[in-house]
Amino acid sequence: MAGLFLLLPSFAAEQQPDPKATEVWAPEPGRVTPGSPASAPSDAIVLFDGKDLREWVSAAAPDQPAGWTVAGGSFTVRGGSGDIQTRRLFTDYQIHLEWRVPTTLSGTGQARGNSGLFLASTGKGSGYEIQILDCADNKTYANGQAASMYKQHIPLVNACAAPGEWQRYDVIWTAPRFAADGSLVSPAYVTALHNGVLVQNHVALQGETVYVGKPAYRKHGPAPIMLQDHGDAVSFRNIWVRPL
């Protein structure tokens with residue numbers, strides 16, 4: 001048929017993409033041996049190994065040892081002895097911590113297995129707190145229940161186990177950044193799992209935890225991790241941290 005052309009693609013003329021062009025081979029991630037329910041990952045700093053509180057000191061007097069009670073592979077708040085904090089200072093990190101409230105609780109609301117994990121302690125009783133509390137069958141204000149970023153962020157769900165059962169927090173902490181003049185460059189962020197359930201999803205904090213009033217930031221650098229003595233006999237075990 002005169003005047004008609006059949007146009008075929010010239011496959012030979014096309015250059016096929018090379019998958020190797022998008023392969024990254026270096027640097028390679030470092031090898032870490034994962035932990036188990038009873039052990040920490042190989043690159044973690046163990047903050048409590050079931051034996052002693054050598055990694056902890058009194059928060060009120062950092063030159064003095066922590067005054068809580070160690071027995072049976074865990075340690076327990078000794079009411080009235082004061083908060084305790086880590087000897088080491090941290091910036092960004094991942095922390096694993098297991099806690100248990102006693103079965104002998106008689107209070108209600110905030111008076112029921114109350115303690116707190118302060119992800120960065122900035123002074124006496126100050127810092128950024130994720131609440132520890134029995135909320136398995138105990139009603140309190142939502143932004144003060146277990147796994148809340150106290151008075152700031154309500155947990156996505158209530159994942160509390162019953163009193164007497166061991167519970168676990170796995171938290172990613174990104175510390176706030178400050179300019180030389182003390183102004184805030186970027187806020188603190190928290191991602192947290194309670195008993196394996198996501199309860200805080202990369203939430204931004206408005207400042208340090210306060211009981212009354214609105215949170216605000218004060219310039220600080222690396223800080224210790226603190227556990228709160230609220231008078232209740234809350235126990236802890238298997239604590240480790242991975243600086244990020």
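1. Lys124 is exposed, with a relative accessible area of 81%; here buried means under 20% relative accessible area, exposed over 50%, and partly exposed in between (1.4 Å probe, protein chains only). The residue lies in the loop between strand E7 (115-123) and E8, where strands (E, at least two residues) and helices (H or I, at least four) are DSSP runs numbered from the N terminus. Between the C-alpha atoms of Lys124 and Gln16 there are 64 Å in space, and the two are 108 residues apart in sequence.

2. The model is predicted: local features need pLDDT of at least 70 and side-chain atom pairs count only at pLDDT 80 or more, while totals for chains, interfaces and linings use all residues. Residues are numbered from 1 along each chain as its sequence is written, and side-chain values use heavy atoms, with hydrogens and water left out.

3. An open sheet is formed by five strands in the order E2-E5-E14-E7-E8, with antiparallel pairing. Strand E2 (56-58) and strand E8 (126-132) stand at the edges with a single partner strand each, so one side of each has no neighbour in the sheet. Two strands pair if DSSP finds at least two bridges between them. Strand E5 (residues 84-86) and strand E14 (residues 226-227) are joined by two bridges; Gln85 has Met226 as its bridge partner in E14.

4. Seven salt bridges are present in the structure, each defined as a side-chain nitrogen of Lys or Arg within 4 Å of a carboxyl oxygen of Asp or Glu. One of them joins the side chains of Asp92 and Arg177 (2.9 Å, N to O). This pair links distant parts of the chain, 85 residues apart: Asp92 is in the loop between E5 and strand E6 (93-100), and Arg177 is in strand E10 (residues 177-178). Asp92 is buried at 15% relative accessible area, whereas Arg177 is partly exposed at 34%.

5. Another salt bridge connects Glu98 and Arg237, whose closest N and O atoms are 2.7 Å apart. Glu98 lies in strand E6 and Arg237 in strand E15 (residues 235-243), so the pair ties together parts 139 residues apart in sequence. Glu98 is buried, at 8% relative accessibility, and Arg237 is partly exposed, at 30%.

6. Arg218 and Glu208 also meet through their side chains in a salt bridge (2.8 Å, N to O). Both residues lie in the loop between E13 and E14, so the pair ties together parts ten residues apart in sequence. Glu208 is buried, with a relative accessible area of 4%, while Arg218 counts as partly exposed at 43%.
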